[in-house]
Amino acid sequence: MEKIYFDNGSSSFPKAPGVGDAMRDMIENHCCNINRGAYEQAYALEELVLDTREQLCRLFSFAKSRNVVFTPGITYSLNILLKGLLKAGDHVIISSMEHNAVMRPLTQLAARGISYDAAQADDEGNLDPQRVEDLIRPNTRAVCMLHGSNVCGTLLPIREVGEICARNHLFFVVDSAQTAGVFPIDMEELHIDALCFAGHKGLRGPQGIGGFLIRDALVDQLDPLIGGGTGSRSDSLEIPELMPDRFEPGTMNLPGIVGLHAALQALQNYGIDNIRQQELTITEAFLRGAMELPHTRIVGRTDLNARAAIVSLDFLERDNAEIAFRLENEYGVMTRCGLHCAPKAHQTLGTFPQGTVRFSFSHHNTMQEVDACMDALHRILGQ
């Protein structure tokens, strides 16, 4: 049975060409550390890490490679930013579509005197930017918002929200987990103060590497959550002020950064516009087929405007988990069923607590795979 991978919202597959080879070569032939050893091999690896920071600056239109910070993933990045910035008495605004990477840290922080309000999206995930502005208080410190919903693919209006933040002197933190590498993101133009990214989704790098790009004004307000050796200022017991060392204690995931470097080079060669066009073409075909399925609700938008390559289906007269199980076990179609670590988004979309079956696409997917999946769904629903 041929496998069909429709779970790219969890992690992309296949990875970009050259990722595995680059990581293997590093581990087998160049597995030293950086900022420690004063020898040629360490310097060469340090140069590659710097080049990866510069690749990310070019991708996101950011000017300062020193302010590109690597973390184990986007969840870590969001925790570092939220918990390092917000103090008792502060208020933050989010959307009602947020992932638990934002909701769980904020729930922790609420017990420490920090408050938040969620700007309410509609039942397709669309958000009126005015709802964000209406929630601003005198003690509001920041707006933290995802760019694209991991549940239904709807894009949130980060351009308009960025303008609201700039006018009101608020920090703007963006979660690009589902959009980086597919949709253009210009930090300067969009007034983004910190952009969090995942290396293993649209960027098509390995798991275990992510990070954030951050402006100086926000760096100055951020307390590091973790301290340790950085290879710099080793005479001091204090966390160094210089970037990116301030937020990169310990040994980084260097094989992951090497793999990400290869993925970013492949992305540049292939072209982000080509990727987006191909993904949305696949999405359009899937949506067209899903409209013909009996007793099935397409969750979120049914058009291609303001959406990523993610479609959630709710099978109204069947158990969603049974559909996902049979798709994989009888037809080889791999999806993700449930609440997708985003219960607040599912409440907004009207799919809580049953969740949905999520289909998320890559430019590697084909029309033949869409046709095979639709045929499988018709067979299952017809029984």
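User: How many bridges join strand β12 (residues 336-338) to β13?

Analyst: Strands of a sheet pair through backbone hydrogen bonds, either parallel or antiparallel. In this structure, β12 and β13 run antiparallel and are joined by three bridges, with Cys 337 opposite Val 357 in β13. Strand β10 (residues 310-315) also pairs with β13 in the antiparallel sense, over four bridges, and here Ile 310 stands opposite Ser 360. Strands are DSSP runs of E, at least two residues, and helices runs of H or I, at least four, numbered from the N terminus; pairing requires at least two DSSP bridges. The model is predicted: local features need pLDDT of at least 70, side-chain atom pairs count only at pLDDT 80 or more, and totals for chains, interfaces and linings use all residues. Numbering starts from 1 along each chain as its sequence is written, and side-chain values use heavy atoms, without hydrogens and water.

User: Which way do the residues of β13 point, and are they buried or exposed?

Analyst: In a regular strand the side chains alternate between the two faces of the sheet. Thr 356, Arg 358 and Ser 360 point one way from β13, Val 357 and Phe 359 the other way, and all are buried (under 20% relative accessible area, 1.4 Å probe, protein chains only). Because five of the five residues of β13 (residues 356-360) are buried, the strand is largely enclosed by the rest of the structure.

User: In what order do the seven strands of the open sheet lie?

Analyst: The order is β2-β8-β7-β6-β5-β3-β4, with mixed pairing. At the edges, β2 (68-71) and β4 (115-119) each pair on one side only. Within this sheet, β6 (residues 171-175) and β7 (residues 194-198) run parallel, joined by three bridges; Val 174 has Leu 195 as its bridge partner in β7.

Definitions and conventions. Buried means under 20% relative accessible area, exposed over 50%, partly exposed in between (1.4 Å probe, protein chains only).
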